[in-house]
Every structure is written in structure tokens, then in C-alpha cells.
Amino acid sequence: MERDEKKKNNKRTMKRLALSPLKAFGLSSLVGLLSLKSGGGATSSHGPKFIAAKGEASAEVIPEHVVKVQAWMQDGNLDMAIWGVLPEELLEHILAYIPFPRLSCIVTVCKRWHSLIHCPLFLQTHAENTSQWPSYGPVRYNVKMLENGEFHWSGYCKFTNTWQKLPPLSLPCLAGKQLWSGAGGLLCFYNRDNMGTLIVCNPVTKRWRELPPMNQKWRWPCITHMIMDESTKAYKIVMAGNEAYPRNSSSYRSKSTEVYDSLLDTWQLSGSLPKDHYLDTQDGVLYNGLLYCTAQRTRTEMSDELLTHDALVAYDVQRGMWIEVCSQLPDSSAHQTPLLCGGHMVIVVEPLDNDDAEGRVYVLDATTKNWSLLTIMPPSLHKKLGFWGVCVAHGNQIFVVADTSMVVVVYDMGEGTWQELPSHQADSTFQSITPTLFSPDVNAVP
């Protein structure tokens with residue numbers, strides 16, 4: 001009985017807080033976020049609905065129902081001394097609900113708050129409420145600033161339909177590298193020009209590590225894909241390409257694959273690509289343990305290899321071998337991106353010629369391995385996009401992002417509709433774009 005009463009008193013204390021010391025950071029919605037713990041507020045089958053905080057160009061993402069409960073918090077201010085005597089566990093629990101973009105401000109308040117992201121209760125609370133932080137993808141960043149180790153970036157949030165400026169990273173180890181991949185709250189940076197090592201970091205905790213050298217030097221890695229095991233938080237990085245050079249050797253190894261395992265902390269050579277296949281430069285898509293990619297098939301004429309048509313291949317992560325899934329793709333004359341949308345493998349076709357061209361989406365029949373036309377992008381939307389940047393999929397939706405502008409066009413597979421999404425520009429200097437999906441996680445360890 002006494003223990004239950006103590007829990008009730010703690011909950012009452014949380015609800016009474018006017019959060020005066022936090023208002024300087026625009027976090028008056030924090031108490032509303034606490035209601036997620038008890039299941040309060042409107043939700044949907046896809047989790048809580050999110051909106052952007054009013055009046056902020058790069059706002060944090062806040063569940064929609066939070067705005068409705070903010071009014072009662074404006075009636076008065078509690079003595080700021082309350083925050084100095086709050087039980088440590090209560091403070092950690094409250095601050096665990098701060099949206100990711102604003103967490104970087106909170107940890108600069110004092111040494112006590114700076115150590116929060118390493119406290120057991122804070123980590124446990126966040127692990128039990130992973131849906132409180134939405135994912136961001138694709139990602140844009142300033143490649144010129146990254147040359148000096150300054151990572152300034154923004155991510156597209158599908159809950160707010162906006163580009164949100166994310167907390168910058170200042171790490172000397174990133175100098176000269178580019179964002180290459182990411183998974184489960186981690187980002188992977190690599191400089192393919194000087195064939196250096198990879199850097200893996202957690203932008204939330206700012207922890208990073210340099211991976212051990214690979215077994216070979218890559219002339220041009222076509223695939224660098226990070227895979228996270230959500231249950232163990234261990235990860236693998238698959239690197240594959242058409243030409244690589246064994247270290248201390250001038251002879252190249254054709255169609256190589258190399259895999260890093262964080263549990264073993266080593267790189268291991270793996271299976272080669274199928275014969276007569278050459279990978280396209282891409283991110284790839286993971287589905288049921290297979291990493292799907294597009295490749296070009298060749299035929300030999302008078303000792304010369306000639307490109308013929310595109311095919312769909314897949315790397316079996318568990319068995320360490322490549323297989324050909326489909327010998328033909330819908331349109332070998334265009335750029336084709338494999339995606340997983342609504343549980344189906346689809347190919348998004350970007351026409352290479354923008355004059356009187358149409359963007360198309362094809363779906364693969366898992367049994368017959370045949371492609372069928374799913375939808376055609378309206379010409380008016382294709383014209384607004386101009387040159388395409390990347391294509392990504394979230395659930396039942398396919399997002400097509402322009403290369404140089406912030407235009408985003410989405411196709412809803414369930415409703416069968418296309419539309420342009422309203423989105424503001426977070427920063428015009430963020431010109432480099434990758435299909436990386438970033439899901440903030442304080443528990444992800446590089």
C-alpha cells in the first residue's frame with residue numbers, strides 16, 4: 001500500500017510541474033508527452049499522430065494530442081527550486097520524453113543533465129517507449145562542412161511532412177568522409193576516394209568508433225548497407241562492388257563482398273556476385289534476411305563483355321551468398337530503385353529523359369517472378385520534381401524526393417493516390433541527399 005501511494009504521489013508531482021526552467025527551450029509540451037506513458041491521447045493503428053510545434057521553423061515532433069493539454073500549464077509558474085530537489089529517478093523519467101531534436105539543448109543545462117543519456121533509468125524509459133521519437137529519412141546534409149568534420153543535416157519526417165533540422169555533430173574523425181548508410185540509430189561514414197576506414201556513430205549520444213581496416217581496398221563500392229538486429233542491437237555492414245584490391249596487391253578481385261560483424265569486430269570476405277552480373281551503385285533494400293539490389297547482366301562477344309539488361313539480385317545475409325531473384329527488370333533504359341512497400345517488392349522507375357516522361361511503379365509477383373504495372377506518376381507531379389534525388393518507402397507509402405529542391409511526392413499504395421506533400425526547406429545548404437533512414441535511439445552502441 002505504501003509503495004502504491006508513493007507511485008501515485010510521483011505521478012501527481014509530474015502533472016503539477018509547470019516546467020518553468022524548461023520553457024526557455026520551448027519544451028512546454030513535455031508534460032503532455034508524459035501522457036504517452038499511460039496511453040493517453042489519440043492514437044492510430046500506426047502509433048501516435050505527430051505535428052510540428054507552432055512557430056518554429058525546425059520544430060521538434062510532438063504528438064498531436066499534446067497541444068490540447070498545454071493550456072492548463074500556462075496558469076502559473078512553480079518555484080524553480082522544485083527542480084533542485086526532485087528525486088533523481090523522477091527527473092530521469094521526465095526528461096526521457098523530450099523529443100530528440102531538443103535533447104541536445106537539455107544536456108547542456110548542467111553536468112547533472114548532461115549525464116542523463118547514460119543513466120540506466122533514462123535508457124530503460126526510452127527503450128520501453130521507442131515510438132516517442134519518429135524516424136527521419138531521407139537525409140540531406142552539407143557536404144562542404146563535413147570536409148572539416150562538421151555534420152550539419154536535416155531529415156524528412158513523414159509525420160509532419162517537413163524537413164527538420166537535426167542537431168549538428170562536430171567530430172574531427174568525420175573530416176573528408178560522406179554519409180554512406182545507417183540503421184537502428186547509427187550512422188555510417190566512409191571516404192571512398194582514399195579507400196579509408198569506416199566511422200560508425202550515434203548522433204544522439206555522440207559516441208563513435210572507427211571500424212578495423214577491411215581486407216581489401218575498394219575501387220568503387222557499389223553497396224554499403226548497414227543492418228541492425230533490433231533485439232541484440234548488434235549490427236552488420238555489407239560492402240559489395242565490382243572491383244576491389246587485396247591489400248598489398250595490385251591485382252583486383254572481381255565482384256567481391258565483405259561483411260563487418262559488430263559482435264566479432266572483424267571484416268570477413270563473403271560470396272561473389274553471380275556470373276555475368278555487375279552491381280549498380282545503390283543502397284539496396286533488406287527483406288526477410290535478403291538484401292535486394294539491381295544489377296546489369298552482360299554477354300561476351302569476341303572476348304568483350306557487353307551490357308545487356310538489368311536484373312534483380314539478392315545477398316543472403318545469413319548464408320553469405322548472392323542469388324539472382326529475377327532475370328529481367330521492367331525498364332532497363334531507366335534508373336530503377338527496388339523498395340519494400342506494403343509487404344511487396346516494388347521497382348520505382350525514374351525516366352532518364354524528363355521530356356514527356358512518366359515515373360512508374362511496378363510490383364513483383366513472388367511466385368511467377370513477373371512484374372506488373374502498379375501505377376504511373378501524374379505528369380504534373382513529375383514536372384515539379386524535375387530530376388529525382390532518392391526514393392524511400394515507409395509502410396504503405398513511397399516517397400520520391402527531388403534532387404536539388406525540397407519537393408516531395410508520395411504514392412499511397414493502400415489508397416492508390418499520388419500527391420505532393422507540403423514541406424518547408426530546413427536549410428538551402430543541405431544539398432547532398434541519401435536514402436538513409438535515421439531512427440534516434442540512445443541505446444544504440446557504435
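**Secondary structure.** I counted nine helices and 32 strands in the chain; helices (H or I, at least four residues) and strands (E, at least two) are DSSP runs, numbered from the N terminus. This is a predicted model, where local features need pLDDT of at least 70, side-chain atom pairs count only at pLDDT 80 or more, and totals for chains, interfaces and linings use all residues. Residues are numbered from 1 along each chain as its sequence is written, and side-chain values use heavy atoms, with hydrogens and water left out.

**Confidence.** I checked pLDDT next, the predictor's confidence in each residue, from 0 to 100. The chain averages 76, and 71% of the residues score at least 70. Over residues 10–76 pLDDT stays under 50, although the model has 133 contacts beyond four places in sequence for them; a contact is heavy atoms within 4.5 Å.

**Whole chain.** Of the 446 residues, 49% count as buried (buried means under 20% relative accessible area, exposed over 50%, partly exposed in between, with a 1.4 Å probe and protein chains only). The accessible surface comes to about 21000 Å², and 51% of this belongs to carbon and sulfur atoms; the areas come from the Shrake-Rupley method with a 1.4 Å probe, and for residues only the protein chains shown count as cover. Among contacts with a separation of 6 or more, 55% are between residues 24 or more positions apart.

**Cores.** Which residues touch the most other members of the largest nonpolar core? I found Phe-122, Phe-151, Trp-153, Leu-174 and Phe-189, out of 37 residues. A nonpolar core here is a set of buried Ala, Val, Leu, Ile, Met, Phe, Trp, Tyr and Cys residues joined through side-chain atoms within 4.5 Å. Elements that each supply at least two residues include α4 (88–95), β6 (150–157) and β7 (162–170). The most come from α4, with four residues. Apart from this core lies another, of 19 residues, among them Val-348, Val-361, Met-377 and Tyr-411.

**Helix α4.** I then asked how many residues of α4 are buried. Six of the eight are, so α4 is largely enclosed by the rest of the structure. The buried ones are Leu-90, Leu-91, Glu-92, His-93, Ile-94 and Leu-95.

**Strands β6 and β7.** These two run antiparallel, joined by seven bridges; strands pair if DSSP finds at least two bridges between them. Cys-157 stands opposite Thr-162 in β7. Four residues lie between the strands in this hairpin, where Asn-161 takes a positive phi near 55 degrees. Leaving aside neighbours within four places in sequence, Phe-151 is in contact with residues including Tyr-141, Pro-168, Leu-174 and Phe-189.

**Cysteines.** My search for disulfides (a pair of cysteine sulfur atoms within 2.5 Å) gave zero. Cys-173 is buried at 18% relative accessible area, and Cys-201 is buried at 0%.

**Asn-370.** I ended in the loop between β26 (360–364) and β27, where Asn-370 is found. Asn-370 counts as partly exposed because its relative accessibility is 48%. Not counting residues up to four places away in sequence, Asn-370 touches Val-363, Leu-364 and Asp-365.
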